[in-house]
Amino acid sequence: MMMKDFIPLKENIHINLNFSMVGKIVAAASVILIGFYLFGVVNFLEHGHHAYNTTREHPWGFLVSAYEFFVALSMGTIAIATSAIFFDIKALKPLVKRMLVFGLLALIAGFAVFLFEIGHPITMVIYTALSGHPTSALFWLGVFYPLTMLFTAITYVLYVKGKESKVYSMLALIFANSSILTAGSIFGLLNDNAFASGVFYQIEFIASGILGGIFLFSIIAKFFITTKEFEKGVLLLKGASIALISLLLIMYLVKFLQAVYGDVPGKVEIVEHIFASPRFWLFEILLGLVFPLFVAIWGSKEKIGMFCLASVFGLIGLMSARINVVEAVQIVPKQLMKVTEYQLPPSIISYTPSMTEWAIGLGAIGIFIFLLFIAESVLKLDKKDAH
Amino acid sequence: MARYGMALDYKNCINCRACEVACKEENGVELGAEKHRIWVGSNNPDGEWPNLSLSSAVFLPSQCQHCEEAPCQEVCPTNATYYNDDGIVLVDSDKCILCTYCMNACPYDARYVDERTMTVDKCTFCSDTRLARGETTTACQATCPTKVRTFGDLDDPNSEISQLLENREHFSLKAHLGTKPKLFYLR
Amino acid sequence: MMQKEISRRRFLQGSVALSVIGGSALAETHLLPSGKEPLSRIPESITTKTSTKQAQEVPFLCGICVNKCAGFARVEDGIITKLDPNPYFPKSRNMLCARGNAGIQTTYDPDRLKYPLVRIGKRGDGKYKRVSWEEAYDAILNGTRLFKGLKEILDEEKDNRSTIAYCNGEGLSKEGFESLMGEKIGTVNYVDEVSICLETVLGGYFATIGTYGEADLGHADYLVIAGANRAEAIITPDTLDLFKRSEGRGLKTIVLDPRFTNTAAKADRWYAVNPGTDLAFVLALTHVVLTEELYDKTFVASHAVGFESYKTHILSNKYTPEWAEKITNIPAGEIVRTAREFMAAEHPIYYQGRRSVFSKNDFQLRRAMAIFQGLSGNLNKKGGIIYGEPLKLPEEEISAPIYSQAKDRFDHEGVAILSQRAGSWMVFRDMVVEKKSPYRVRAMFMRKHNPVDSVPDTAKTIRFLEGMDLNVIIDILPSDSAMFADVILPEASYLEKTSPVTSYGLLEPAIVQRKAAIKPLYETKVPEQIYKELATVLSKPLFDISKKYDKDLQNEIKNRGEQAVYKEDGYILSDFWDKDVSEKNKERMVKAFGEKAWKILEEKGVYYPHIEQYHTQLNPNEYRYYPENRKKYHVQTDALKLICDYKHLAAKGVDPMPTWKEEYTFSVPEGQFRLITGRHAQFTQSATTNNMMLRDLIPTNYLWVNQRVARNRGIKFGDMLEVKSRAGKVTIKAYPTEKIAPNQVFMAHGFGSMNPEMTMSYGNGANDAILLEDIHEPVYGAAVMNETNVEIRKV
């Protein structure tokens, strides 16, 4: 049997390096980012976790944020693509193959971060299998990711072969949503954490993950493959994004209101901290949500250009949101007393990512773009490749 | 099989931190201020000099609570954190993947990363040192100048700790979380 | 990644540990005399986890501070892996503090003095040559190209042995060093550490109630504790008894301290007394008690001397609470309340305290405190100041030569009652530096003492040392004082040596013995061996010098012959150490208490009569040492008296009764701060700041500045401050806090080493001795620590 029987490679693989202007910029950026990533990895190999600014009080850093970003993006993208098949949404079909593949690649980019976030990845694989712990959200991620990947891959291979499998697309959709729900649960199930515990993060992750998929879809449609027929799909998703962004904004409002109402300790400090952060207002709210919402509602009904631009900001906003959530669940110290005479009383725990953390986390974006480029070059992704 | 716990007569504590050093020396805990299995909490007294509130100046020795419903154990994906036969919460460093989920899940800040093994470390109630040699006290209890701690079997009604808990009022930290801590602070 | 996975093993030694220890291979090569089983090794990591294997448990006596707690050292394959408390010792009662636990790190400190060193550069530049012990002794005797030896110095000084001065830190081998330098070599110029410590406390109490005694805090019900920080300056059993019973559990505790200490945090009431004004507080308490006639009349009638004149003195001087309020910052009502409560209590104690001298009136303060205690009648009884009965060990006999050329002490300028034995560090130093001494002092021998950091005015101490022809230091770590030594002799740490047996305690007395847990590491030696070897080298050559100048000796030789005089009159300086410490210990123990007692002592580290019957465990934490009816709460003693009016003092120019003087009033010029010093429970002066374990607990010292003052001056936590006094200046991090008054600042003593060889403590924090001015109190010439004003500036 040939590899081609399983992986739908193009008949004539041709790596086209004649980029458009935008393409050149993106290519240059991704090369720089990959260089950045390698710098981070070398630093990590040299110094281990000392290269990170994580501490006893703030063990999760930017890498967790970056990883969560890619995972949510991945699962959201897969959810949209598999929905297109399962619910037979014609407008989205032209991009389905691409979205299935890109969803998987986003997950791989996430793993490229996770590999250096987790202390012992090999041990993880071995002992998740040998002594997995079902009460752990992290364990279920280890179950759901492979299943999502498997069914997404099958869906894609069958789709390339002209078969729209309801069963596999449904399984992929279910496990993608399970994954993202579980990722949100990692925060939502921190029972002692007054701010994180509850249903907020699970739902926020699903909504923002799918929103991320929409943004990615729009960007690909506009900047990579400028074909007229994709625009219909974008316009459809634009409508969906109004609902999702509105939902997110309402959730934020309710969450923050609930936290400041009565100045509940363990919550109100976090809201105060978040509100004092320009990153939250500028990136997460204004650029990430309000601007896309504005464009989606009042922008051109025919042209997708503006919304696609807004999608770029949307993704930046989502990355910012992931940074904010990881920070928000950790900034209130668990140790409220001093443990040595010469220290300030514990207040908000501050954390700034180290250069290595920035390098690996942001560098993975370069890896993601590079993977997209390779996929474009070698895989059957367009309509002409199908059937 | 026992159910080990610890009672702390915390009003005796003078914040000398003998317990912290005894713990480090006994158990080979990594050097470094952040690398402590046990600690003494203190706070700045309320008020302005010379009118400072004496009752607000408290010393609260603490460590892993060895919860019966330990959140750290619940979130551990590989079962690296486990309960031994005596109900002591331990970390099997061979299984630990350093996801640090437990550090975020623990309500008591009782865990830290041992950078020699790059795994999560915590109080063991001296189970692999003193208890393994047949001793009946932990290092922190034995060394304490004012004898804050009493370690023992909660299932044995005749143990000193059972007697103390029967006769003295006590409280646990963050009991509302339902973690069922086995550290008891005597009033 | 793979490598990480493979190397991940539980309790793998850290890279930090490796780099710090560095030379473990080196350490093993030279440790052992040929062919012998290794008896000591250096651990590979700093903290060594104890194993489940069989281990030796060697009884030791802690030497990390002055208190002397007993413990057992766990030794596994020649490595001390843990120090555990010894439950047999009634004084320390089954405990070790943070420092006691960290004592292992003193022994394994990579910066330790490992070999004898002789100076080959300029003083202070740190250039030394590693030499053999023989070469080091030879350098002391004969000098080198760079410095003169004892022989030349003594020859030039015509055998005036007092040209040699010496000092010694507290410890069990201190007396041996005094014997070597004072009795054998024959100088009078000993500057004892008590004159920078608690000399006035002991003096004041002995002069007033005939003892310093022991405060029975286990049974007292009311305690006034002033300027004694028992939560942070741990003294046993006081600390143990006090804090188990404070906070409404039987012992009402009133704390006086300018600073809100950890002791204050445990008190029922805290009075932020102005520094140096406790005396006014005690005088006012006394005033209340005398005017309201609250004192124990029976006791006073039978034991007090000069009570009526004291009463007249207090009343006529109008030492009223209102008067004291202005001086002390303690409200008059509170003073009245405290006086009444004290006398109404069944077992009240005004805690004697033990600490260095804070103010010039300290001797009189102690007298006033002792008299006030006496007025309650709570002396020599349960819950009071215990006179007790120590266990006695046979005295050691020493054959001391008489040197007729040796001249007398001279350090009594401005000192009323100079202790002939102890002298005054500060007055002695100042007179030498200012060339006021009647003869030249040319050699300084220092043992386990770091005067550069501990005697106020570091610059002056350095000038003193630089003026010497010969400086010799015997120590464990390269202290700042060692930087000025010509010959450095490395001593074994307390875990590596067996020390002379000692007796402790009055209420529950016991004999304790420190046994070596391991053989001395590197080329270090136990002090008694150093004394003996040095004495052996010095004996004949120094005798020859005496022969040349000492007329009395010449006559003796004429009469009895040189050999006889040399042997019989103690000129063989080493004869005091003919037997080693263990042998002597056994001899003395067997003589006093019998063979069996010696066996118990060897095994348990502690002995007292009937220990086997008396000693029982009460619960997992507590033991009984003596049955209640065997405790020496009350004894028949002639010492029990209450000297209110000490007329003899007047002849020496000292007030016969405690008197307040205008000059004692606390005042700080505008813009300045009174510098107060003190400590925390996690280090012992400058001796432990290089201890890696303790550095985790208190990494450096900070300057406490009142929070409101700091806010006004824009000073935040951790900001660098320049602190300047008339004596010198330092930089130190700021610690804004409400635990100190707006016109005072505090820094913990002992930090800021100048010696780069101390890799952990070099340049870390600030040294208060640089700032403290050379002020001494007038009775004994003891150094005064809290009378220096400073200016602070953010840098």
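Strand 25 of chain C, residues 720-724, pairs with strand 26 of chain C, residues 729-737, and the sense is antiparallel, over five bridges. This is a predicted model, so everything I say is computed from predicted coordinates. Within that pair, Met720(C) stands opposite Lys733(C), the latter in strand 26 of chain C. As background, strands of a sheet pair through backbone hydrogen bonds, and they can do so parallel or antiparallel.

Now the sheet around this pair. Chain C has a closed barrel of six strands, in the order 23-27-24-26-25-28, and the pairing in it is mixed. From one strand to the next the twist averages 45°.

Next, helix packing. Two packed helices are described by the angle between their axes and the distance between the axes.

In chain C, take helix 12, residues 278-291, and helix 17, residues 362-375: their axes come within 9 Å and cross at roughly 25°. Angles under 35 degrees count as roughly parallel, so helix 12 of chain C is roughly parallel to helix 17 of chain C. Which hand does the crossing of these two helices have? The crossing of helix 12 and helix 17 of chain C is left-handed.

Which residues meet there? Helix 12 of chain C brings Asp278(C), Leu279(C), Val282(C), Leu283(C), Leu285(C), Thr286(C) and Val289(C). Helix 17 of chain C answers with Gln364(C), Leu365(C), Ala368(C), Met369(C), Phe372(C) and Leu375(C). Sorted by class, this contact has ten nonpolar, two polar and one charged residues.

The other case is in chain A. Helix 8, residues 230-260, and helix 10, residues 278-298, have axes that come within 9 Å and cross at roughly 140°. That angle makes helix 8 of chain A oblique to helix 10 of chain A. The cut-off for roughly antiparallel is over 145 degrees. The crossing of helix 8 and helix 10 of chain A is left-handed.

On the helix 8 side of chain A, the contact is made by Lys238(A), Ser241(A), Ile242(A), Ile245(A), Leu248(A) and Leu249(A). On the helix 10 side of chain A, the residues are Leu289(A), Pro292(A), Leu293(A), Ala296(A) and Ile297(A). By class, the contact has nine nonpolar, one polar and one charged residues.

Last, the contact between the chains. How many residues does the contact take from chain A and from chain C? Chain A gives eight residues and chain C gives nine residues. On the side of chain A that touches chain C, four residues are nonpolar, three are polar and one is charged.

How values were computed. Residues are numbered from 1 along each chain as its sequence is written. Chains are lettered from A and ligands numbered from 1 in the order in which they are written. This is a predicted model: local features need pLDDT of at least 70, side-chain atom pairs count only at pLDDT 80 or more; totals for chains, interfaces and linings use all residues. Two residues are in contact if their C-beta atoms, placed from the backbone, lie within 7 Å. Ala, Val, Leu, Ile, Met, Phe, Trp, Tyr, Cys and Pro count as nonpolar, Asp, Glu, Lys and Arg as charged, and the others, Gly among them, as polar. Two strands pair if DSSP finds at least two bridges between them. Helices (H or I, at least four residues) and strands (E, at least two) are DSSP runs, numbered from the N terminus. Axes are lines fitted to C-alpha atoms, for helices over the stretch in contact, and angles run from 0 to 180 degrees between N-to-C directions. Angles under 35 degrees count as roughly parallel, over 145 as roughly antiparallel, 65 to 115 as roughly perpendicular and the rest as oblique. A crossing is left-handed if the near helix is turned anticlockwise from the far one by less than a right angle, and right-handed if clockwise.
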